[in-house]
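User: I'm new to this one and would like a quick tour. Can we go through it piece by piece?

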Amino acid sequence: MIDPSDVAICVGPDDPAPSAGSGPMSVPVYRTSLFGFPTFEALMEGLSAEHRHSVYTRGRNPTVGAAERKLAALEHGEACLCFGSGMAAISAVMLGLLEAGDRILFVNQVYGPTLELAEHLHRFGIEHDVVLEAAPAAVERALRPDTRLLWLESPGTMLFRLADVAAVAALARSHDLITCMDNSWATPLFQKPLDAGIDLVVHSASKYLGGHSDVMAGAVVGTAETLERLFYRSYLLNGGILAPSEAWLLLRGLKTLPARMRQHEADGLRVAEFLREHPAVRAVHHPAFAREPSAAEAGLRGCSGLFSFELGHGGLDAVTAVIDRLKRFRIGVSWGGTESLVISPHRPGNDAELESRGLAPGLIRLSVGLEGADVLIEDLAAALDDGR
Ligand SMILES: *Cc1c(COP(=O)(O)O)cnc(C)c1O
């Protein structure tokens, strides 16, 4: 069930209603790089608190601000900063909050490029550890004296394993760690990490939040104090901002988020249930089927349309054959748009790497779009049956 107050935020006007007179439903695109001031004194005042005043679009811009207000409200956070991509948001958190000598602990299966970025941070004296499961006891064993930031994905990438988010957040708090959770899979409609005690949420808004495969965007949500720190330590100076026109597309996408997520959830479940019964399929990794914790115990209010399954037999050849036989699923990276997508983490010669990440050789990932479950099931049935 999606919270009606979240629906109201999504479908409502971009700007708070004006007290008198008429107002636009959709915020204008403030396509300007700078803002002119009536006096030099007023400019100096703006520059003294650039996180609050529109001075230059690398800092504050009203269209971007409207998207940030909506995302902060949806995540139950005090403040939000939007970025030009999810990776810009993720790097702003790491570069803005960590010092040389700090360690990051990555919990559960984490998005590949996030881990790759952490590899590069070695050059700046920031180290990291990875724990592929999220049970609090395993997380506690992986902590070290210099661990400063706990980075969590739930459901995890590729296998969609769940963490008890509140338990991990409480453990991290008892060790004085900063916690950051990537909530791109669930969106704030299905999971609110800040309510579970997590400090910061990051999003790739290029996925469900934008929702139409036509915008790259990212976001960080948290307390006003932490976001102000990020504004001056990484947002303003790294310059990875969301352009006003892209912020407008993100706002446009948010208006249909509840309707889209309801259909992604229902159709994703039907496709997953079909696959679970299919004799050519060994396992389906969908959070709705999870135990210990179950989706409800983990804090999920619903499921999106991204999940994976394993072929019972064969590796790269079998995976390639099934993917190439699909007609409705487009073959491509990313997810969260209207079109259904298929991909596999398999590459020639990467069996050992897959094994080290706990991934089976027959793994295929689906992003269920909005075509309707019946045509997708028919497509999968034909692709799986042809190969047997
Ligand atoms: C895509 C993705 C990102 C990165 O976002 P971009 O917008 O592509 O930079 C981060 N986390 C997850 C879970 C993702 O799927």
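User: Which residues point one way from β1, and which point the other way?

Analyst: First, some ground rules: this is a predicted model, where local features need pLDDT of at least 70, side-chain atom pairs count only at pLDDT 80 or more, and totals for chains, interfaces and linings use all residues. Residues are numbered from 1 along each chain as its sequence is written, and side-chain values use heavy atoms, with hydrogens and water left out. Strands here are DSSP runs of E, at least two residues long, and helices are runs of H or I, at least four, both numbered from the N terminus. One way from β1 point A79, L81 and F83, and the other way point C80 and C82.

User: Is β1 largely enclosed or open, and why?

Analyst: Buried means under 20% relative accessible area, with exposed over 50% and partly exposed in between (1.4 Å probe, protein chains only). In β1, residues 79-83, five of the five residues are buried, so the rest of the structure leaves this strand largely enclosed.

User: What is the bridge partner of C80 in β7?

Analyst: Two strands pair if DSSP finds at least two bridges between them. β1 and β7 (residues 218-222) run antiparallel and are joined by five bridges. In β7, the partner of C80 is V221.

User: How are the rings of F231 and Y235 arranged, stacked or edge-to-face?

Analyst: Rings of Phe, Tyr and Trp (its six-membered ring) pair if their centres lie within 6.5 Å; planes under 30 degrees apart count as stacked, over 60 as edge-to-face and the rest as tilted. The whole structure holds five aromatic pairs. For F231 and Y235, the centres are 5.3 Å apart and the planes sit at 20°, so this pair is stacked.

User: How far apart are F231 and Y235 along helix α9?

Analyst: Both residues are buried, F231 with a relative accessible area of 1% and Y235 also at 1%. They sit four residues apart in α9, residues 224-238, so the separation is about one helical turn.

User: Which residues do ring pairs link into a cluster?

Analyst: F83 belongs to β1, where it is buried and points the way A79 and L81 do. Ring pairs put it in a cluster whose members are F83, F231, Y232 and Y235.

User: What radius of gyration does the protein have?

Analyst: The radius is taken over C-alpha atoms, and the globule rule is 2.2 Å times the number of residues to the power 0.38. With 388 residues, a compact globule would come out near 21 Å, so the protein agrees with its value of 22 Å.
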